[in-house]
Amino acid sequence: MSVLTAYRRKSAGSLAWHIGSLAVLAVVLYPVLWVIGGSLKPSSEIVGSLDLFPASPITKNYTRLTEGIADIPISTFFVNSLFLAVGSVIGVLISCSLAAYAFAKIRFAGRNALFAVMIGTLLLPYHVLLIPQYVLFQKLDLINTYTPLLLGKYLATDAFFVFLMMQFMRNLPRELDEAARLDGCGHLRIYWSIVLPLCRPALITSAIFTFINSWNDFLGPLIYLNEPDKYTVALGLKMFVDQDAVADYGGMIAMSLVALLPVLAFFMAFQRYLVDGMATSGLKG
Amino acid sequence: MGTTGSVDRRSLLKAAGASLATLGLTAAGCGSGSGSGGGTVTIRYAWWGADDRAKKINQTIALFEKKYPKIKVKTDFQPYADFWTKFQTQASGGNPPDVFQNAIGFLRKYNDKHVLLDLNAQVKAGNLSMDGFRAGLDAFGEVDGKLLGIPVGSNSMSLVIDKDAYRRAGITPKLGWTWDDYYAGLKKIHDGQHIAGDTGPMGIMYVYDLVLRQAGKAFFTEKDLGFTEADLTEWWNKGFEGVKSGIYADPKKVEQIKPKAGLSDGLSAGEFTWDNFSVRYTAEGKGNYGLAPIPSTDGKTTGQYLGSLMLSGSARTKHPKEVAQFINFMVHEPAVAKIMGYDRGVPSTTAQFDAFKPSDTVAQGISAYETQIATAGVLQTITPHPAGADTCEAAFLRIANDVSLGTSSVDKGVKQFFSEAKTALGT
Amino acid sequence: MTHIQDAAPERLVKSSGAQDGPGPLAVPAALKRRGRRENLAGLLFLSPWVVGLLLLTAGPMLASLYLAFTDYNLFDTPKWIGLQNFTDMFGDPRWQKSVRVTLQYVVIGTPLKLLLALGVALLLNQNRRGQAFYRAAFYAPSLIGASVSIAIVWRSLFSDDAVVDRAQQLFGMEAGGWISNPDMKIYSLVLLTVWQFGAPMVIFLAGLKQVPNELYEAAEVDGAGTWRRFWNITLPMISPVLFFNLLLETIHSFQVFGSAYILGGQGSSCGPADSVLVYTCYLYDQGFANGRMGFASAMAWLLLITVGLVTAVLFWSQKRWVHYEEGAR
């Protein structure tokens with residue numbers, strides 16, 4: 001087989017791959033296109049409209065956003081949301097990876113029982129916890145601050161991420177930490193120098209999910225924050241429509257697209273780290 | 001990768017430290033909103049609504065703070081459903097806003113739970129005046145002798161119609177027209193113009209309330225439902241027949257265009273709603289909309305009353321005097337009416353009513369409508385709904401929709417409603 | 001929950017890799033010392049989680065457990081009523097409906113979403129150009145899916161004569177719009193969540209990246225085809241993340257709330273005809289809109305027990321099919 005035919009075959013495969021991927025993508029992205037089209041329609045034409053794009057697109061929905069909502073510049077909501085999202089990511093990465101390491105790599109007494117408790121905390125719908133937690137934070141005089149929204153992130157209350165990181169840590173080749181252990185490394189060294197770097201895909205994944213969850217969280221900010229200028233984007237999005245008002249669907253849809261940009265940017269910035277996992281991290285030696 | 005990795009980690013740690021520090025600062029810097037220091041008092045004011053109401057309210061608060069420099073008002077708002085979720089959580093936790101927007105369905109509910117401030121003491125103390133309210137509105141927020149809510153704007157049920165569709169069918173609804181006239185009109189519209197005569201009133205609690213009032217009953221008594229299973233069976237049978245015959249809009253189509261209204265989408269030629277909601281039809285739809293009177297049974301009684309949004313105080317507020325002064329300002333100050341217009345209904349005091357002369361035709365229509373029913377003398381008074389009324393209203397709407405879709409028979413639906421109402425009202 | 005304990009980390013399949021590792025050489029005394037050290041380290045690493053559990057989670061959870069046996073309207077003192085909330089529940093037609101809707105949702109939605117996520121992850125795990133673009137594009141629905149505007153979009157896609165209806169007509173089906181059809185609306189909800197397959201996809205991708213290349217290279221030398229490589233290498237190697245995704249997607253499906261709430265319109269009604277009244281929606285409706293927090297807590301704990309049992313079965317099953325690198329020590 002000559003180099004040339006191999007190359008041709010490879011590029012033909014590549015073409016087929018791209019065509020296939022784009023076909024799937026077209027179906028998946030159709031509703032997103034609808035949202036983009038909707039943001040270019042006047043409010044009265046958005047609901048119930050069957051067309052993807054309007055005959056005469058308008059930009060009013062976007063320019064309207066520069067006026068702010070309820071006398072608050074849109075940027076305020078974005079700054080607040082960013083602060084919460086970044087703060088959450090840092091908290092989850094630290095606290096959840098520590099807990100995950102303990103469950104995955106340390107053999108301590110009571111591990112099984114605590115693990116069961118952790119899984120148990122995943123199983124209760126959070127709605128029934130809202131009011132007791134509210135009362136708790138109120139007793140601590142922390143209502144109308146960001147603390148109730150962040151504290152849990154620094155205390156690894158999100159079992160999802162502990163469990164996620166744990167699954168990855170358990171899949172690391174066991175020879176590595178055995179070897180480190182024989183070299184006299186303590187758990188902190190192994191956690192910091194071996195396990196964390198090798199778990200980068202899991203950490204990045206957790207970071208992305210945490211960012212998005214925090215960005216989209218609605219009920220938490222709704223009950224804990226009492227002043228609109230502390231509000232997040234998710235709350236701001238709800239300021240366009242109410243039963244008593246003439247609904248501004250155009251503004252709402254335009255803002256939901258603008259609100260997508262920081263999350264998309266965060267995803268784009270970090271997704272490349274998903275690529276260099278184990279396969280390229282120098283483990284081979 | 002080794003070096004960049006450790007730099008990443010170091011900067012990560014730094015950022016973590018910074019973020020924890022800010023956490024501490026935030027916690028220290030912004031305590032509870034209702035503390036008082038240096039003679040100024042801060043009160044929290046919460047309401048439901050959207051962007052445009054927020055802008056108007058902010059202006060009125062600026063006026064208030066100018067007149068009362070020692071009172072600071074912090075506002076908070078959400079859409080209706082979220083507002084009540086938040087209010088419920090905060091009130092249950094013992095931390096409700098000092099003053100908040102309220103409605104008739106919630107007066108007894110939150111009075112039973114000792115959440116609402118009795119404003120009578122403040123009236124006596126001269127911080128709040130109950131003079132100058134229109135058509136009996138001063139008694140609207142009274143429950144068992146307690147003054148629990150002060151009306152800020154009145155509204156009344158009305159029939160919003162597509163005026164062109166009615167004209168083409170040769171129907172002119174006027175005060176005193178009857179349900180028979182109304183049904184005949186719907187049929188005429190449906191036969192001649194291939195649209196439904198009405199979006200369908202069978203699930204609107206407030207319309208059925210009027211029908212019952214015309215027969216000397218009401219939807220609610222002080223503690224219970226004011227009608228029987230047989231009454232409701234008759235109303236829903238009539239509604240379901242209307243759906244089948246096409247004088248009411250196809251409930252499937254109505255479902256598909258939500259949250260748009262059937263009337264503004266051109267599915268029907270009219271629908272019942274609060275008169276101050278009529279603004280949205282002109283904004284949403286292409287037709288020429290107007291307000292028509294409520295049909296009657298005897299050619300006279302419509303059963304109508306002026307409803308209203310209210311301002312209520314919280315029983316736990318540390319500043320009842322300031323709350324009363326705030327409410328007083330919002331309901332009596334003419335400048336407030338000039339800003340708010342008919343946003344929360346037609347202003348409830350004559351001073352405010354006279355201060356705002358609407359310039360757009362929709363608001364003029366609302367004004368004319370309320371003046372018309374007031375001078376015609378059809379207005380009655382209303383007993384505050386029992387606790388659990390909000391749940392009954394939601395169940396009524398939902399089950400009526402099931403019935404009109406045909407997923408539940410009328411008999412089954414009526415049974416289901418009465419069973420849910422029993423749970424909600426605790427009877 | 002005893003099953004979970006059985007299946008907890010200690011008792012896992014011994015991997016082939018583990019056999020090559022250094023075996024346990026320690027004498028009993030050293031073991032004991034090491035045991036104490038391990039306990040201390042475990043405590044230190046877990047301390048944030050333990051504090052969080054005690055401070056934020058345990059109290060409210062126990063409170064809700066107590067409330068499950070009371071009549072509690074959020075304001076008055078809870079009144080102990082024993083098991084009445086549970087008996088009320090079983091006789092409540094709307095509760096029964098919510099169980100049916102939720103089971104339908106879990107059974108149809110979870111496998112579909114996982115299959116789609118794994119399929120796209122495999123597609124994206126190849127070395128092609130434009131990977132960053134594809135990953136972001138496939139993830140986009142998960143970013144926008146939680147937005148309120150999606151309710152309007154879904155209504156428009158699933159109305160009479162809209163895209164989905166036209167596609168149906170091509171295949172000769174006359175179902176009309178799904179959004180207003182009480183029998184079909186649940187499928188529009190399922191599709192809404194399946195559509196947001198980004199999270200499991202990313203986890204699959206991260207798992208796929210963890211598979212060492214040399215395994216594939218060795219298999220290629222042995223002449224293994226694509227399918228055999230997938231079956232013998234990829235699937236066992238990603239089985240921990242597959243397990244994770246299966247478990248978490250199942251748990252999340254049982255607890256689904258946001259999308260049903262958004263699609264249902266009109267507060268927590270989740271209609272028409274309760275067609276998307278999932279369990280948690282009804283719980284929220286009863287707890288918040290109707291102020292029956294005792295009843296809602298009872299619902300929550302019944303869900304916890306049910307999902308706990310499902311979880312236990314999954315944990316038990318992993319012995320048979322999940323492959324971990326670490327071995328028992």
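**Exercise 1. State how chain C is divided and how far apart its parts lie.**

Step 1. Chain C splits into domain 1, covering 30–67, and domain 2, covering 84–321. The model is a predicted one.

Step 2. Taken over C-alpha atoms, the centres of domain 1 of chain C and domain 2 of chain C are 31 Å apart.

**Exercise 2. Decide whether C:Ala151 is buried or exposed, and locate it in the chain.**

Step 1. C:Ala151 belongs to helix α7 of chain C, residues 149–157.

Step 2. A residue counts as buried if 20 or more other C-beta atoms lie within 10 Å of its own.

Step 3. C:Ala151 has 20 C-beta neighbours inside 10 Å, so it counts as buried.

Step 4. For a distance along the fold, take C:Asp76: it is 75 residues from C:Ala151 along the chain, and their C-alpha atoms are separated by 36 Å.

**Exercise 3. Work out the strand order of the open sheet in chain B, and describe the pairing of β8(B).**

Step 1. The sheet has 3 strands in the order β9-β8-β10 (chain B), and the pairing is antiparallel.

Step 2. β9 (270–274) and β10 (289–292) of chain B are the edge strands, each pairing on one side only. On average, neighbouring strands of this sheet are turned by 35° against each other, direction ignored.

Step 3. With β9(B), strand β8 of chain B (residues 157–162) pairs in the antiparallel sense over 5 bridges. Towards β10(B), which also runs antiparallel to it, β8(B) has 4 bridges.

Step 4. Individual partners can now be assigned. B:Ser158 is opposite B:Thr273 in β9(B). B:Val160 has B:Glu271 as its bridge partner in β9(B), and B:Leu291 as its bridge partner in β10(B).

**Exercise 4. Find which residues of β8(B) point one way and which the other, and why the strand is described as largely enclosed.**

Step 1. Sort the residues by direction. One set consists of B:Met157, B:Leu159 and B:Ile161; B:Ser158, B:Val160 and B:Asp162 point the other way.

Step 2. Check burial on both sides: all of these residues are buried.

Step 3. Because 6 of the 6 residues of β8(B) are buried, the strand is largely enclosed by the rest of the structure.

**Exercise 5. Describe the side of chain B that touches chain A: how many residues does it have, and which elements supply them?**

Step 1. The contact involves 44 residues from chain B and 41 residues from chain A.

Step 2. On chain B, the elements giving two or more residues are the helices α1 (2–29), α2 (51–67), α3 (80–92), α10 (251–257) and α11 (279–284), together with the strands β2 (40–48) and β3 (71–78).

Step 3. The element that gives the most is α1(B), with 8 residues.

Step 4. By residue class, this side of chain B has 16 nonpolar, 15 polar and 13 charged residues.

**Exercise 6. Compare the UniProt annotation of chain A with the model.**

Step 1. An unreviewed UniProt entry places "domain: ABC transmembrane type-1" at residues 78–270 of chain A. In the model, that span is 75% helix and 0% strand, and its end C-alpha atoms lie 20 Å apart.

Step 2. UniProt (unreviewed entry) also lists residues under "transmembrane region" in chain A, including 82–103 and 149–169.

Step 3. Residues 82–103 of chain A are 100% helix and 0% strand, with end C-alpha atoms 31 Å apart. Residues 149–169 of chain A are 81% helix and 0% strand, with end C-alpha atoms 28 Å apart.

Methods. Residues are numbered from 1 along each chain as its sequence is written. Chains are lettered from A and ligands numbered from 1 in the order in which they are written. This is a predicted model: local features need pLDDT of at least 70, side-chain atom pairs count only at pLDDT 80 or more; totals for chains, interfaces and linings use all residues. UniProt positions are given in the numbering used here, feature names are shortened, and annotations may be inferred rather than shown by experiment. Domain bounds come from an automatic or database domain assignment. Two residues are in contact if their C-beta atoms, placed from the backbone, lie within 7 Å. Ala, Val, Leu, Ile, Met, Phe, Trp, Tyr, Cys and Pro count as nonpolar, Asp, Glu, Lys and Arg as charged, and the others, Gly among them, as polar. Two strands pair if DSSP finds at least two bridges between them. Axes are lines fitted to C-alpha atoms, for helices over the stretch in contact, and angles run from 0 to 180 degrees between N-to-C directions. A residue is buried if 20 or more other C-beta atoms lie within 10 Å of its own, exposed if 12 or fewer, and partly exposed in between; C-beta atoms are placed from the backbone.
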